Amino acid sequence: MATKTIFSEVKNSLGFWAILAVFGILVLGGALAFFYMEHHGHYVTGMNNQIVWGMPHVFAIFLIVAASGAANVASVGTVFGKKIYQPLGRLSAFMAASLLLGGLAVLVLDLGRPDRLIIAMTHYNFKSIFAWNIILYNGFLAILVVYLWTMMDRRKIAKALYKPVGYANFIWRVILTSGTGSIFGFLVARQYYDAAIMAPLFIAASYVFGTAIYSLFLLISFKLTGRELGDTVLNRLRYTLAIFIAAVLFFETIRHLTNLYATEHHGVEEFILASGSTFTKLFWYGQILLGSLLPMFLIWCRFLRNSRLALALAAVLAILGGLIQIYVILIGGQAYPLVLFPNAEVSSSFYEGVINSYSATLPEYMLGIGGVGLALAMVLVGIKVLRLLPVSLADSVVDPHHKKA
Amino acid sequence: MSNINTYRRKFLSGLTKVSASAATIALAPGVFLRDVHAKPADQPVSSDVRWGLLIDTNKLADGGEACVQACKKEHGWGNEERSNPEQKAQWIRKVTVTEKLTKHTVTLPVMCQHCDTPPCVDVCPTGASFKRADGIVLVDKHICIGCRYCMMACPYKARSFVHEELEDQLPDTPRGKGTVESCNMCVNRVDDGKNPACVDAAPQALLFGDLNDPESKISKVLKQYGGTQIRADLGLNTGVRYWGI
Amino acid sequence: MFSLFSKKLRAFYLVAMSGLILSLLVACNSEPPKPMKAVKQFDTVEKRDEHIAFMRKNHMDALKHKRDETMYLGIRTEEHSIKACINCHVPEKYNGKVLRHSDPEHFCSTCHTYVAAQLDCFECHADHPVTIKNSTADHSVKKLAEVHVTQLDNKQAGNKLNVKGETASE
C-alpha cells in the first residue's frame, strides 16, 4: 500500500548557495545583455532584416515548449491516474512555471520596444496567434499556481479541485503548445513553415524537452540532497522519454516526406537535408543522431537497463538535440530565402535569392542563457522554500505493488 | 477659390461618385490630372477609395533605381550608420529576375504590396500593423512592440526593422529604433493629394490611382490589359500590380 | 533606565523631523522651469493663455487620441500634427546649433526632464523643424506659419487641387 508521501524543503547547505550563485551570475549576464541591447539597438546583435529571430528566440522557444512538457509529468498522475507520478506533481508544476517565466523573460527582453509590454498586454489583435499565445501563457501560469495549490493544500476543497484543475492544465497545454507550433505553422510566406504539422510536432517535442529536463533535475537534486530515488520512478520517466523521442521522429519524418513530395518545397528541403550547409550537419548529426537516435539507444539498450548515467546522458542529449531542432527550424527556416518568383534566379540589394547567414553575437547568447539561469534559479529557490521534493522516492515508498525483496 | 467650391459641390451632392470627366481636364494629349482630389484634412479616409499602384517594368530603363532613390530621399531610410548592410532598412528595392528555362530577365522595383488581406496585419499581436480604410497598409509605431513577427509573415520581405537609435528623422516620416517599418505608399503625400515619390520619379512607368473607381486611369488600364501580382497564388489581392513580369 | 524611545526623546524626534521637512520645503523651489518662448506667437494674449491652459491639462490626452485619429483615420489637421507643434515651439537653430530633445533647453525637455517622464515621441518623430532644399515634400516652417494658427482652417490646405501631370502608360 502506498503510504502518504512526505515532502520537505531542501536544507541549507553551502552547495545549494554555490549552485544558486552560479545561476545568479547567468541571470546577471542576461540582464547586462538586455540593457546593452536595449540601449544600443539590435545592431549589436547578429539578427538583421533577413534573420529576424535569432539565438534569444531559440532559447525562449525551447524554454516555453519545455515548460509545457515539464507540466506533463504531473498530468500523467492526475489525468491518467498513474499513482506513481503523483508525488512528482509538485515539482513538475513548479518547474513548468519557472521554465515558462524564463522563456518569456528572454522573449520580452528581446523585443524592439520592451517598454511597451503593457501595450502588448492590453491591445490584442485576436487574429494573431502571437496575441493568443500571450493570453495562453498567462493563463497557463495561473492554472499552474492553482494546480500547485491543489497538490499542496490539505483542505478538502483543494483535494476536490485536484482532478478538475489537472484536466484543465492538460487541455490548456495542448492548446498552448499547438499555439506555439502554429506561430510557425500559420506563416504562409515561408517555405519551411506553413504546415499544419508544426502544432503536433511541437507538442511531441514539448514532452521530450520537459521529460528530459525533469528527469535530469530529479536525478541531480536527489543525489545532492541525499534523498533516495528508486528505479521504478526513474524507469517510468526513462521509457516515456524514449517514446516521446520516437513520436518527434515520427512527426519530423511525416513533415519532411510530405515536403519532399511537393516540388514546391524541394528547394528548402534540399537546403536543410542535403546541401551540406551548417543546417544539414546540425539536423543530421545534432538533432537526429545525437538528439534522437543515441538517446533512444541509451534508454532501450538492454545492457544499460537501470543505468542512471545512461538516463542522465540521454536526457542531456535530448535537451541538446531539442535546442538544435529549434535552431534548425527557426534559423534554417529564415536562412532559406523567400520565394517571390518561383523557377527564377533572383538578386537584389536586399539579399534576394541568397541563403542568409547568421552568427549570433555575445549579447544574444548571454540573454538566452540568462533565461535558462533564471528558470533554474527559480526552481532552486522553489525547492528550498516550498515542500516540492518528496523526502523519498524509493521503490518501497512509491510503488503500491512493491514486493519486499 | 473655385477649387474649394468644386470640392464642396461634390461633397454636397451626396457623395455619389462623380465621373472622371468632371474632374479630369486634359491639359495636353495624354496628360491627365489626378482623378481623386486630396481629401480634406479633417475628414477620415473611407473604403470608397482603394489606392493602387501599377508598375510597367517594360518602361523602366533603370529597373526602378530612380524610384528607390526617390523613396530614400522622401523618407530618409537606408543611412543607418551603425547597422551592417543586412540590418539597414530597405523600403523598396530593385529585383533582377531571370527565369530559369527561358533566361528572360526582368528588373522591377519591389516594395510593400499593400495586400487586401495582408499576412502582416493578421499576425501582429498588438494590431500595430494595420490596413487603413483606403487600402494602405501601415505600421502604427506608437503601439509597435518590435516583435518582428510581421517580418516573418510578409511574403514580399517588405518590412524592415530599425536596429539603431535614429536622429534627424524627416518630419513627415517618423521612424525609430525598435519598431518595424515599410513602404507606406507615401501616405503623407497621398493624403495631401500628391502621388507617391516613386511614381513621380518614374511617371512614364508608374501609375497611381483609385482601384475602386472604375473611371480612374489605373482601373481602366488594368481592366484592358490586366495586371500581374507577385505571388498571386497566395490570394492576397495586392494593391500593387505589374506589367511585364 | 535610558531608552531611545522615551517620552522626552520622542518629543525631540518629532520636533527635529518637522524642522527638517519644513526647511526642505522652504529650500525647494517647486516651480517648474519655464520652457522657451515659442517661435510663432498667437495674435492675442487671450488665445495664448487659452492654449497654455488647455495644453497644461490635456496635452498627453490630446497627443494620444489625436495620433490614433491621424494614423487610423488619416485626419491631418493642424491640431493633429506634432509637426505643427514642433514648428511653433522649436526654433530651427538655437545658438547656432540644432536643438534636439536631448538638450535641456528643448521646449518639451524642459518640463519632461524636470518631472522625469520619458519623452517617447522623439524616438520616431523629428524634434526640430527641417527645411529641405529641393525636396518634393514641403517641410518648411515658413509654409506652415503661413496658415494662421488661430483659424485652424484646414479646408484651405486640404482642398488645394494638385495639378500634377500624370502620363498615361499604355
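What share of the contacts in chain B with a separation of 6 or more is accounted for by residues 24 or more positions apart? I looked this up first, in a model that is predicted. The share comes to 63%.

**Entry: chain B**

I noted that chain B has eight helices and 10 strands. Of its 245 residues, 58% are buried.

I then looked up two residues of chain B with a positive phi. Arg148(B) is not a glycine, yet its phi is positive, at about 70°. I found Arg148(B) in the loop between strand 6 (137-139) and helix 5 (149-153) of chain B. A residue counts as buried if 20 or more other C-beta atoms lie within 10 Å of its own. Arg148(B) has 22 C-beta neighbours inside 10 Å, so I wrote it down as buried.

Lys157(B) is not a glycine either, and it has a positive phi of about 50°. Its place is the loop between helix 5 and strand 7 (160-161) of chain B. I noted 23 other C-beta atoms within 10 Å of Lys157(B), so this residue is buried.

**Entry: chain A**

I turned to chain A, where I found 14 helices and five strands. The radius of gyration of chain A is 22 Å, close to the 22 Å that the globule rule gives for 405 residues, so the chain is as compact as a globular protein of that length. Along the principal axes, its C-alpha atoms fill a box of roughly 70 × 50 × 40 Å. Buried residues are 52% of the 405 in chain A. I also looked up its contacts between residues at least 6 apart in sequence: 79% of them join residues at least 24 apart.

**Entry: two helices of chain A**

How do helix 9 and helix 11 of chain A cross, left-handed or right-handed? I found that the crossing is left-handed. The axes of helix 9 (residues 231-261) and helix 11 (residues 278-300) come within 9 Å and cross at roughly 150°. Angles over 145 degrees count as roughly antiparallel. Helix 9 and helix 11 of chain A are therefore roughly antiparallel to each other. I listed some of the residues that meet: Leu241(A), Ile245(A) and Val248(A) are among those from helix 9, and Pro295(A), Met296(A) and Ile299(A) are among those from helix 11.

**Entry: nonpolar cores**

I looked up the largest nonpolar core and found 204 residues in it. Val208(A), Leu241(A) and Leu206(B) have the most contacts inside this core. Leaving out residues up to four places away in sequence, Val208(A) touches Gly69(A), Leu241(A), Phe244(A), Ile245(A), Val248(A), Ala318(A) and Gly322(A).

**Entry: where chain A touches chain B**

I noted 38 residues from chain A and 46 residues from chain B in the contact. On the side of chain A, the elements that give two or more residues are helix 5 (117-122), helix 6 (129-152) and strand 3 (344-348). Strand 3 of chain A gives the largest share of that side, five residues.

**Entry: Cys124(C)**

Which residues is Cys124(C) in contact with, leaving aside its neighbours within four places in sequence? I listed Lys141(B), Gln169(B), Pro174(B), Arg175(B), Gly176(B) and Thr179(B). Cys124(C) sits in the loop between helix 4 (107-115) and helix 5 (141-146) of chain C. It has 21 C-beta neighbours inside 10 Å, so I counted Cys124(C) as buried. Last, I looked up Cys124(C) and Asp61(C): they are 63 residues apart in sequence and 19 Å apart in space, C-alpha to C-alpha.

Technical notes
Residues are numbered from 1 along each chain as its sequence is written. Chains are lettered from A and ligands numbered from 1 in the order in which they are written. This is a predicted model: local features need pLDDT of at least 70, side-chain atom pairs count only at pLDDT 80 or more; totals for chains, interfaces and linings use all residues. A nonpolar core is a set of buried Ala, Val, Leu, Ile, Met, Phe, Trp, Tyr and Cys residues joined through C-beta atoms within 7 Å. A residue is buried if 20 or more other C-beta atoms lie within 10 Å of its own, exposed if 12 or fewer, and partly exposed in between; C-beta atoms are placed from the backbone. Two residues are in contact if their C-beta atoms, placed from the backbone, lie within 7 Å. Helices (H or I, at least four residues) and strands (E, at least two) are DSSP runs, numbered from the N terminus. The radius of gyration is taken over C-alpha atoms; the globule rule is 2.2 Å times the number of residues to the power 0.38. Axes are lines fitted to C-alpha atoms, for helices over the stretch in contact, and angles run from 0 to 180 degrees between N-to-C directions. Angles under 35 degrees count as roughly parallel, over 145 as roughly antiparallel, 65 to 115 as roughly perpendicular and the rest as oblique. A crossing is left-handed if the near helix is turned anticlockwise from the far one by less than a right angle, and right-handed if clockwise.
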